[in-house]
Every structure is written in structure tokens, then in C-alpha cells.
Amino acid sequence: SELGVNTFNGDGEDARSGRCIDKVVVTAVVTHPCINQLRISIMGPGRLTGSPTFHSPSAAHEVLLYNQQRTNGTGCSGGTHTFIFDDDADKYTDDCCQDGFEGEYIPEGRLSEYIGTSPISQWTLVLQDNNVNDNLDGYLTSWSLDFTTSECSKVYSWTNLTATISNDFANAPSPRH
């Protein structure tokens with residue numbers, strides 16, 4: 001079931017102006033008596049809208065963050081768990097935790113799939129309990145998104161170095177053609 005919707009109001013407007021995503025980090029704090037029953041994913045803007053001018057405004061693309069089927073036999077780990085999903089983390093969720101999750105983890109999917117999209121979109125955190133018949137209830141305490149952005153259309157410039165190296169060919173850049 002969908003437990004949270006977040007929209008980020010930045011200044012990315014379209015694919016040719018404003019700011020676009022360079023990196024996304026997702027933080028989720030979840031309390032559950034058996035966290036290994038959950039599947040957690042993030043829904044964000046899709047990269048392909050059929051237009052080079054406009055970004056997708058909806059949460060059309062899913063990236064899997066955590067999946068109980070990938071855990072390495074840890075059984076039920078109860079309590080409050082703090083997940084920070086970051087492509088640059090150094091461990092997966094199935095590399096640890098008998099007593100609870102606390103820290104940075106590599107997501108199951110790649111958050112880098114959102115690079116180049118606009119942070120102005122609908123973002124949805126999805127939590128699914130894969131065993132609904134055991135009367136174990138949990139809840140989402142909080143969640144957040146951290147974006148690193150840059151200009152959508154990069155501006156490049158060049159400098160003619162011919163005059164500065166005319167007498168110093170030893171330090172001249174090598175020819176490109």
C-alpha cells in the first residue's frame with residue numbers, strides 16, 4: 001500500500017532549463033515487528049516522456065530499495081529501522097543486521113536512474129507487507145529525499161590559448177585533431 005507522498009518544490013522546470021537531478025538519497029524510518037516482511041521502493045519521474053523539452057510530472061518509475069526476499073536468513077528483526085538508501089553506500093541490507101537496520105545501504109535498484117530528471121514531480125514511497133495474515137502491523141515514522149542538482153543544460157566555454165603558448169610549446173596542450 002502507498003504510505004507516503006512527497007513533492008519537492010525546486011526550480012527545475014523542463015529538460016532545457018532549471019535544475020536537474022545529479023543524485024538522490026532516500027531516508028526512511030520504519031517501525032515493524034518483522035522488517036524482513038517488507039518491500040520498500042520509491043516511485044519518481046520517468047526519464048522518457050517522448051519529449052526532449054519536458055520532464056515527466058508523475059511518479060511513473062519505480063526503483064526497488066529493500067526487499068525481504070533478498071535478506072540472508074536474518075529472520076524477523078523488529079523495532080524501529082533507519083534506512084538511508086544511497087548508491088554510494090558500501091553495504092547492502094542483506095549484508096547485515098540481526099538486531100536492526102541503522103545507517104546507509106545500497107538500494108536493490110539504482111537511484112541513478114533518476115539522474116537528468118526534474119526534482120519537481122510527484123515522489124511516492126511504497127511499503128508493502130508481504131505477509132498480511134500474521135497480524136504484525138508496522139508504520140512509517142518518516143521519510144525524506146535529498147537531491148543534488150545542477151543546471152539541466154550545461155554551459156560550456158572555451159579559451160583560445162594560442163597567444164599564451166606561442167613561445168612555450170613545451171607546455172602546450174596536445175592537438176585534438
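## Rings and a bridge

F83 and F85 are both buried. That's a handy place to start looking around this predicted model.

Why does the pair of F83 and F85 count as stacked? Their ring planes sit at 10 degrees, with the centres 5.3 Å apart, so the pair is stacked.

In total, the structure holds 8 aromatic pairs. Another of them is made by Y114 and W123, and here the planes stand at 70 degrees, so this pair is edge-to-face. Y114 has 0% relative accessibility, so it counts as buried. W123 is buried too, because its relative accessibility is also 0%.

Here are the two ring pairs next to each other:

| Pair | Centre distance | Plane angle | Type |
|---|---|---|---|
| F83 and F85 | 5.3 Å | 10 degrees | stacked |
| Y114 and W123 | 4.9 Å | 70 degrees | edge-to-face |

Now for the bridge. How many disulfides are there? The count comes to 1 disulfide. C20 and C152 form it, with their sulfur atoms 1.9 Å apart. This pair ties together distant parts of the chain, 132 residues apart: C20 is in strand 2 (residues 19–32), while C152 lies in the loop between strand 8 (139–151) and helix 1 (162–165). Turn to the S-S bond and you'll find 100 degrees about it, and the link of C20 and C152 is right-handed.

How values were computed: Residues are numbered from 1 along each chain as its sequence is written. This is a predicted model: local features need pLDDT of at least 70, side-chain atom pairs count only at pLDDT 80 or more; totals for chains, interfaces and linings use all residues. Side-chain values use heavy atoms; hydrogens and water are left out. A disulfide is a pair of cysteine sulfur atoms within 2.5 Å. Helices (H or I, at least four residues) and strands (E, at least two) are DSSP runs, numbered from the N terminus. Rings of Phe, Tyr and Trp (its six-membered ring) pair if their centres lie within 6.5 Å; planes under 30 degrees apart count as stacked, over 60 as edge-to-face and the rest as tilted. Buried means under 20% relative accessible area, exposed over 50%, partly exposed in between (1.4 Å probe, protein chains only).
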